[in-house]
Amino acid sequence: MLGIIINPKSGKKAFRAQRLYLWKLLKARREPFIYRVTKYENHAIELGRELVEEKGCTEILVLGGDGTISEVINGIMRANLTPEQRANIKFGIMPRGTGNDFARHWGLTKDFKHSLEVFFAGKTRPLDIGCVTYWRNNIEHHRYFVNSLGFGFDPLVCRMANQLKYYIGSHHVNYFFALFGGLMKYKSQHMRLDVKGETVLEDKLFIAAVSNGSYVGGGMRLNPDADPSDGLLHAIFLTPPSAKQICQAIPNLFNGKLRELPFVHAVVADDMLVHTKQHQSFEADGIVMDITGACKVTCMKHAMQMIVP
């Protein structure tokens, strides 16, 4: 059974044409399906869980941006399924958001006809899912991510970019306004990073960017070698840079060469433990969460199947 989840607020201008084209394809294919429309924040988590757990859907198509995709992934990962059942779920996307970074990794654009052609062709690759285990009010929580995870400066920028949506709408430039605004506001915190039980970095943290996909922030390539099928997470960690180092870094945000700079520390692992001495935030696929204490970041290898070109 095919389950479809639609965020009507993403890419509103083209929504009617896209929906009618999809319905036309489904009618021609005579394929049974269930569809749901998101109505509020985190609704896609509930819908993703409902479709795979209660309705028995084994194929999921998401019409939305990175945030909607992430919510649906969280719903699927929280569903009462065996690992084998979850690993057989086929996940596809028709990008309709602002950044569409996860779609960009797979070569999918806002050409919705091509995205649907790819989905119905049904070619798949194993898909890794990242998991953050963290604590809030002494209660353990889990947040899953499919594309990226950020600590330090990164969640501040995401929070500011989300706030800008209320004033200027959803645009690529939101992130860049927030980027420069965040530089004036952010204060670095002490952090310790452990990998496989060994401390690999302990210093003040400016930014930590952990990637499953190779694009973030509307096309930046902070971890260009990240592959959502390799069973590993690729990360960079920056200690507080000088004004000169910031000027060095900015031209390398999009060309994949940021890791070559001497003040950038690169790590590749399937699990990491991040310690901080005070309250902190992280962003998972652009969604900001507040936490206290240490958090564990794990790669769940081949958790499901991704429909790809």
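Reader: What makes Trp23 partly exposed?
Author: Its relative accessible area is 23%, and partly exposed covers the range between buried, under 20%, and exposed, over 50% (1.4 Å probe, protein chains only). This is a predicted model, where local features need pLDDT of at least 70, side-chain atom pairs count only at pLDDT 80 or more, and totals for chains, interfaces and linings use all residues. Residues are numbered from 1 along each chain as its sequence is written, and side-chain values use heavy atoms, with hydrogens and water left out.

Reader: And why is Phe112 called buried or exposed?
Author: Phe112 comes out at 17% relative accessible area, so it is buried.

Reader: Why is the pair of Trp23 and Tyr35 called tilted?
Author: Rings of Phe, Tyr and Trp (its six-membered ring) pair if their centres lie within 6.5 Å; planes under 30 degrees apart are stacked, over 60 edge-to-face, and the rest tilted. Here the centres are 5.0 Å apart and the planes sit at 55 degrees, so tilted it is. Tyr35, by the way, is partly exposed at 41%. Trp23 and Tyr35 also share one aromatic cluster with Phe33.

Reader: What makes the pair of Tyr21 and Phe112 edge-to-face?
Author: Their planes are 75 degrees apart, with 5.6 Å centre to centre.

Reader: How do you know that Arg104 lies over the face of Tyr215?
Author: A charge sits over a ring if NZ of Lys or CZ of Arg is within 6 Å of the ring centre and within 35 degrees of the ring normal. Arg104 is at 5.8 Å from the ring centre of Tyr215 and lies over its face.
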